[in-house]
Amino acid sequence: MSTETKTARGAVKTRELDRVTIRFAGDSGDGMQLTGTQFTRTAAAFGNDISTFPDFPAEIRAPAGSLPGVSGFQLSFSSSDIHTPGDEPDVLVAMNPAALKANLGELPQGGALIVNEDAFTSQNLAKVGYIANPLTDGSLSQWHVFNVPISTLNSRALKGLGLTNKQVDLTKNFFALGLMFWLYERDMGPTLAWIEDKFSKRPEIAEGNRRALRAGYNFGETTEIFHERYIVPPAQLERGTYRNITGNEATALGFVAASQLAGRDLFYGSYPITPASDILHQLAGYKNFGVKTFQAEDEIAAVGAAIGASYGGASGLTASSGPGLALKAEAMGLAVMVELPLVVVDVQRAGPSTGMPTKTEQGDLLQVLFGRNGESPLVVLAPATPGECFEYAVEAVRIATKFMTPVVYLSDAFLANGAEPWRIPALEDLPPIVTVNRTEKDGFFPYARDPQTLARPWALPGTPGLEHRIGGLEKADISGNVSYDPENHHRMTELRQAKGDRVAADIPPLEVHGPAQGDLLVLGWGSTYGAIRSAVERLQAGGASVAHAHLRYLNPMPANTGEVLRSYRRVLVPELNLGQLQLLVRGRYLVDAIGYHRVRGKPFRIAELEQEARRQLAELGVAAGSASR
Amino acid sequence: MTATDHNGASTPAAEPIQLTRKDFVSDQEVRWCPGCGDYSILAQTQRVMPDFGYPRENIVFISGIGCSGRLPYYMNTYGFHSIHGRAPTLATGLKAARPDLMVWVITGDGDALSIGGNHLLHSLRRNVDVRIVMFNNRIYGLTKGQASPTSEMGKVTKSSPFGTVDYPVSPLAVALAAEATFIARSVDTFTDHLQGTLDRAGHHRGSAFVEVLQNCNIFNDGAHREFTDREVREDRTITLEHGAPMIFGKDRDKGIRLNGHQPEVVTLGENGLTEADLLVHDETDPLIAFMLTRIYWPEFPVPVGVIRSVSRPTHDQMLNDQIAQAVASRGRGDLGRLLNSGETWTVE
């Protein structure tokens, strides 16, 4: 879709586009995350649908100008509904040779490349192994290159402010941002307001950033190197009030909401770990909601304290990433045994071991299901989008308190840091969370169960007449006394497992997007939702008999899961691991599910899933129509 | 105090409650080995409980793993037998959520100083309002006799047939380094002294650490016999009293004085020495506390009693104060406003 109009300046036309994907790339000290976030806020507030993919190194400041130090932020903004931050950028903004080298491979032929040519010094080129300057040796001829002396122009604009060279250099990202605002006809207002607020106590820094932003914008306006500007109209989103939200923000808000709905103070025990720490930072600010945050001495203390708080009647929560989950395993087993409500968030990252801390992966599914001693079942949920992180936080607390069970909530680095517009729910639309504490003395037994949910009573210390002892040793059915009786252990093991069946009866069925039966079902979970949905929609547009189902409940799975899986000739399970859900559905439903596995620390591209689905359809002897874009 | 009144400070019941030792005895059969020192510790704990004025339901005993870990089952209060070394973490979370409760942690030398060393350190330095009672028998009993972090160097055990090559740790020195606000030592067989020490710990606000020297008659019999046996105890231990000179001995004729910065044992009457020359115990003096954590039999009598007792705001108190202040300055959180904060836009 494109409409051309003439603007006042004769030579520059405005072209209307449905969707644009921009990638900002620079040194990790260049402020690329901030630049991307500012563009995202502006586009979101304008009414575009957006999706973002921040991609940064674990090193806070890797050596300047080096390849490991490159930080990127990709965002896609659109006038229609989008599910992913885009497979590849339309525009790459490269602040130095390292950023160019690290990202050029993903810029399609004919894509626009805006570079800070001042950074292409012989020293910087040598750091990343460029023998000749790619800006002048003709090697970039297949792209649309715009050489802009960003550093020079920016320092000229900031002259006379009395800032140091270093301070001036730190504002050049806002010059690039200003230029992009001009190119996409965006209002500088939200960013100017942000500068005002952020640097209110340092007026000279505020002025430097304002000047940098305006200088970039005005450069676009006055220079003649750009012949077109682009406008992406607002998207037709569902009616409502929206805000831009990342997965971690939505997770934190969701647990605060859940604690309010349940009427229980939230206790959050946590040890700093990438990419989960932002949840701690955010929750620590919500003291007036009664939120108690506890930065523990280690991962074990974090979960232990959360169990202690739940025992006392609070909403006990802990969060970490894969390595931390490994450390929490024994305490999670204790929560299974003592049957107390507890929520454990795992913001997954690439493993094993320390792995790639800032990169995404879905490698912990089997760990959280089976990574404990003994038969130790617990509930596992996984939101699929940043916005869903809110909804499933509420759901996790609802299930944990209703069934008296630990619940694991699987997020990942892509969900945690990625952003999308989130329709803010009305308070009256949030589900009630009804929690009960036993106070009745007569007939009290610590392990007598609710016949519906199999939950044992939540009897809080401080309740007269209900003094009792719990612990990690096996409990006698009903009385809760320590028991080594063989039949009792068998019965208790089955009862703990049977709770899962009761949860399964309490959750919605697995929904299918597409035909209820057909050639191919693509089954996913977690953050791969957007890429799978987009790939399936492309195939559906070409007439293929393909459906998408996405599991939010990994344990127990919805009651109709087997039936759904058996309604298609073939089931494809794409995962950012080596086939963990695939193993589960094969084992549980005897379905010959086929896996598609990539562990690159990055989300799936739509195109690769579309291609794989096509391959599967071809094997079935079904034509899938022509490739669509 | 009702079950829903969760945010009041930890205080005894408003109305005095008349309870006796028997009220704290649970219906569970006690299953330690006959002759174990743990029986005495349990009995003295049950005896002092009525002194604190808390109703039974507001008292919680949390333990880790080891022989000591069984104690909560035998107390007719709330109890939580947790996992190895982690009892202080549960206590920290419980106390944060429920400042109204009186919380005790029961642990052993392996549980507290080996697998749970990190949690002991941090719960003490945070001044969590919890009383930690550590049974020290210098052996792993429940796993049938391996060396523990307090076993003496060269000790021959099942896991060290040629003797250990590990230096032991001093529990009280660890507690002091962690800035515990209350540090004491007692002995399983010194029943009156043990009661008095637990009573002091129970009345303390903040982290109280009590080391109880305890005998394991199966795997480390006579662990502390050299200075705790009836015939020798008065000459080989020193009972500390705040504000009193450090005197000990059957004949009350021995004492500790400082020679320069070094403590030494002296005999009263010799070379004209009088009580006035002796060191006076001060529970608030960190240097005296340090010295007392360093002296031990056979060079010195073993100090028993309260080594340190100082007052500081507790973790749960400061945590809840922050919340009260946030509510006072910003108002009780409004969920609708929170969800709609930041930049929002409306699609009609």
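Predicted model: local features only at pLDDT ≥ 70, side-chain atom pairs only at ≥ 80, totals over all residues.
Q: Which element gives the largest share of the side of domain 1 of chain A that touches domain 2 of chain A?
A: The contact between domain 1 and domain 2 of chain A takes 13 residues from domain 1 and 10 residues from domain 2. On the domain 1 side, two or more residues are given by α1 (32-46) and β4 (49-55) of chain A. By class, this side has 8 nonpolar, 3 polar and 2 charged residues. Its largest share, 6 residues, comes from β4(A).

Q: What percentage of the residues in chain A is buried?
A: Chain A has 20 helices and 24 strands. Of its contacts between residues at least 6 apart in sequence, 75% join residues at least 24 apart. Of the 629 residues in chain A, the buried share is 55%.

Q: Which element of chain B gives the most to the side of chain B that touches chain A?
A: The contact takes 54 residues from chain B and 61 residues from chain A. The residues on the chain B side divide into 24 nonpolar, 21 polar and 9 charged. Elements that each supply at least two residues to this side include β2 (78-81), α3 (87-97), α11 (315-330) and β12 (344-347) of chain B. With 8 residues, the element that gives the most is α3(B).

Q: Which strands stand at the edges of the open sheet of 9 strands?
A: The order of this sheet is β18(A)-β2(B)-β1(B)-β3(B)-β4(B)-β6(B)-β5(B)-β11(B)-β7(B), with mixed pairing. Neighbouring strands are turned by 20° against each other on average, direction ignored. Two strands have a single partner strand each, so one side of each is left without a neighbour in the sheet: β18 (469-471) of chain A and β7 of chain B.

Q: Which residue of β2(B) stands opposite Ile470(A)?
A: β18(A) and β2(B) pair in the parallel sense over 3 bridges. In β2(B), the residue opposite Ile470(A) is Phe80(B).

Q: Which residue in β6(B) is the bridge partner of Val133(B)?
A: Strand β4 (residues 130-136) and strand β6 (residues 208-213) of chain B run parallel and are joined by 6 bridges. The partner of Val133(B) in β6(B) is Val210(B).

Q: At what angle does the direction of α1(A) stand to that of β10(A)?
A: An open sheet of 3 strands has the order β17(A)-β10(A)-β12(B), with antiparallel pairing. Its neighbouring strands are turned by 35° against each other on average, direction ignored. α1(A) packs on this sheet, touching β10 and β17 of chain A together with β12 of chain B, and its direction makes with that of β10(A) an angle of about 165°.

Q: What phi does Leu590(A) take?
A: In helix α19 (residues 580-589) of chain A, the buried residues are Gln580(A), Leu581(A), Gln582(A), Leu584(A) and Val585(A). Their cover includes α13 (365-370), β20 (518-525), α18 (561-565), β23 (568-575) and β24 (594-597) of chain A. Just after α19(A), Leu590(A) takes a positive phi of about 50°.

Key
Residues numbered from 1 in each chain as written. Chains lettered and ligands numbered in written order. Helix = DSSP H or I, 4+ residues; strand = E, 2+ residues; numbered from the N terminus. Buried ≥ 20, exposed ≤ 12 C-beta atoms within 10 Å, placed from the backbone. Contact = placed C-beta atoms within 7 Å. Pairing = 2+ DSSP bridges. Axes fitted to C-alpha atoms, helices over the stretch in contact; angles between N-to-C directions. Nonpolar A, V, L, I, M, F, W, Y, C, P; charged D, E, K, R; others polar.
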